[in-house]
Every structure is written in C-alpha cells, then in structure tokens.
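Student: I'd like to learn how to read a few local features of this model. Can we go through them together?

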Amino acid sequence: MSDKVQIGLIQASHDVDGSEPVEVHKQHSIEKHIKLVKEAAEKGAQIICLQEIFYGPYFCSEQNPKWYDSAEEIPNGPTTIRFQELAKELGVVIVLPIYEKEGISTYYNTAAVIDADGSYLGKYRKHHIPQVAVGDKGHGFWEKYYFKPGNLGYPVFDTAFAKVGVYICYDRHFPEGARLLGLNGAEVVFNPSATVAGLSEYLWKLEQPAHAVANGYYLGAINRVGYEGPWNMGEFYGQSYLVDPRGNFVETASRDQDEVLVAEMDKKFIREVRDTWQFYRDRRPETYENMVELLP
C-alpha cells in the first residue's frame with residue numbers, strides 16, 4: 001500500500017427549490033453527484049467524500065415532516081446500494097453522508113463508508129445535534145427535529161487506501177470525538193458539513209486544523225455552496241479543504257462554485273509528525289475523569 005493517497009472532496013450547490021417533492025430532490029442530486037464522483041476518480045482520487053446529506057437541500061432550515069420521507073436504510077437502502085456499485089466500478093472508497101432511517105421511524109444523520117471493491121464497511125452516526133436559530137425569520141439548524149444522537153461510537157474504517165474516520169458538521173465543535181477518532185487509528189478524518197456565513201465561518205479554518213494538529217492526522221472538511229430556497233437563511237460558503245497534521249492547508253476549494261477538489265495525503269508525514277509531537281504518549285487519561293461527569 002502506497003504512503004501517498006489522493007483525497008477527493010466534493011462541494012456542490014443544490015438548485016431545486018425546497019417546495020418540490022422529496023423524490024425530485026433526490027433524483028436530481030444523486031445524478032449530479034454520480035457525475036462529480038466520476039470526475040473525482042478521473043482526477044485520480046482514491047477516497048472521495050460527499051457533503052452532509054448530499055442528496056437534497058439542507059432541509060433542517062425548517063421543521064417539516066415531509067423530509068422524513070427522504071430517509072433510507074443503511075446499508076439496504078437504494079442510495080447506498082447504488083454507490084456501492086459505483087465504488088466498485090471506479091475502484092474508489094466513498095464516504096456517503098445520507099439521512100438514515102432505522103426501523104419504523106427512528107432517524108439519524110449518518111455517513112456510510114464503502115470500500116474500493118464496493119463492500120459496505122460500516123457507518124458513522126452524527127453524535128452532536130444542534131438546535132440553533134439563524135437570523136430573524138424562523139430559520140435555523142433545527143436538527144433535533146430530524147435526528148437522534150449517534151449511538152455507534154467513533155469507528156475507524158480500514159479501507160483499501162487508508163484508515164478513515166468520520167465526524168459530521170456540528171461534531172467539529174467538540175474535540176473529544178476528534179481525539180477518539182485518532183485513538184482509534186484514523187489517518188484521515190472527513191467532516192461533511194452544511195454551514196452558512198454569519199454563523200460559523202470564523203471557526204471554519206480554526207477548529208479543524210486544530211483537530212488535525214492535536215491528533216496527528218489529515219482532515220478533509222467539506223461544505224456545500226450557494227443559497228437554498230425557499231429558506232435562503234444564508235450563504236453556504238464552500239471553501240472545502242484538506243489540512244495536514246501540522247495544520248497546513250494542502251488544497252482549498254472556492255467559496256461559491258461546484259468543485260471537485262483532489263489533494264494528496266502522505267501517511268509517512270503522519271508518522272514524522274507523531275514522532276516529533278508525542279501527544280498520544282504524553283496524554284494523561286487518568287486525570288480526565290471529570291470530563292465525563294454530568295455537571296449539575
């Protein structure tokens with residue numbers, strides 16, 4: 001296995017109005033992203049990550065039961081199966097963030113991880129669920145209406161090219177899970193997101209490079225682009241990027257364009273950085289017990 005791995009990050013706009021039926025959104029977005037995944041593979045990408053709940057708008061801008069119909073089972077749902085076939089066809093690993101349904105009506109914000117031979121490796125469910133207003137028109141990140149908190153821990157997936165961890169959007173504000181992904185062996189962590197200017201942009205290039213440095217891994221951050229109607233609660237400001245274990249930006253995408261970003265990670269560099277900064281050796285978990293106690 002080569003130390004050099006090509007990472008593909010896909011950021012895209014969603015130009016179907018939220019008033020359209022769920023199936024219209026899904027068909028449009030899935031076909032669009034299949035083309036983008038193929039473009040990434042043509043550019044040499046070996047591990048490709050899509051944006052948060054890639055097959056529709058960021059519907060959490062409103063609280064509407066209509067969007068429950070967009071959820072699917074993982075791995076038995078049609079979208080996961082279709083992208084398994086695509087991964088096998090192209091020989092690439094795909095991190096596939098979709099809306100998951102389990103049982104009759106239990107829902108999670110989830111990413112399936114598909115290996116380069118098309119096999120399903122497992123899934124990560126978003127742990128930290130926001131309920132945050134944006135502006136004065138009643139819009140916001142109303143995710144507690146749609147998602148239960150994740151319950152599968154912080155798995156790392158041993159793919160054909162690298163050991164992959166996943167953190168989703170709002171998770172990035174919490175360093176604890178980022179550390180657990182490193183402890184579990186991640187060489188690269190992906191954070192597929194949907195976040196708007198005026199709220200989080202000042203943190204976008206601070207928190208995730210800090211996770212990469214503190215934990216000695218590469219981190220791929222993905223954000224969608226443009227405005228989404230009818231809510232128009234803010235600009236999804238793109239700027240997807242890959243950052244290395246020293247906090248250097250390897251490549252950064254544009255602010256407002258659909259883009260397939262392909263950048264290189266080097267596993268040898270991970271070892272060099274970890275040999276210099278022995279954070280895992282010098283940590284003191286026996287002194288951190290108060291962190292997991294519930295405060296009054």
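**Reading contacts, burial and helix packing**

Tutor: Let's start with a side-chain pair: Ser240 and Gln11 make a polar contact through their side chains, at 2.8 Å. A polar contact is a pair of N or O atoms within 3.5 Å; within protein, one must be able to donate a hydrogen and the other to accept it, and residues adjacent in sequence count only if both atoms are side-chain atoms. Keep in mind that this is a predicted model, where local features need pLDDT of at least 70 and side-chain atom pairs count only at pLDDT 80 or more, while totals for chains, interfaces and linings use all residues. Residues are numbered from 1 along each chain as its sequence is written, and side-chain values use heavy atoms, with hydrogens and water left out.

Student: Where does Ser240 lie, and is Ser240 buried or exposed?

Tutor: Buried means under 20% relative accessible area, exposed over 50%, and partly exposed in between (1.4 Å probe, protein chains only). Ser240 has 0% relative accessibility, so it counts as buried. Ser240 sits in the loop between strand S13 (236-237) and strand S14 (241-243). Helices (H or I, at least four residues) and strands (E, at least two) are DSSP runs, numbered from the N terminus.

Student: Which residues does Ser240 touch?

Tutor: Contact means heavy atoms within 4.5 Å. Not counting residues up to four places away in sequence, Ser240 touches Gln11, Ala221, Ile222, Asn223, Glu251, Thr252, Ala253 and Leu261.

Student: What about Ser61: buried or exposed?

Tutor: Ser61 is at 3% relative accessibility and therefore counts as buried. Ser61 is in the loop between strand S2 (47-49) and H2. A polar atom of the Ser61 side chain lies 3.1 Å from the backbone oxygen of Tyr58. Beyond four places in sequence, Ser61 touches Gly138, His139, Gly140, Trp142, Trp231 and Met233.

Student: How do I read a helix pair?

Tutor: Two packed helices are described by the angle between their axes and the distance between the axes. Here, the axes of helix H1 (residues 22-42) and helix H2 (residues 78-90) come within 11 Å and cross at roughly 20°. Axes are lines fitted to C-alpha atoms, for helices over the stretch in contact, and angles run from 0 to 180 degrees between N-to-C directions.

Student: What does that angle make H1 and H2?

Tutor: Roughly parallel to each other; angles under 35 degrees count as roughly parallel, over 145 as roughly antiparallel, 65 to 115 as roughly perpendicular and the rest as oblique. From H1, Ile30, Glu31, Ile34, Val37, Lys38 and Ala41 meet Thr79, Arg82, Phe83, Leu86, Glu89 and Leu90 of H2.
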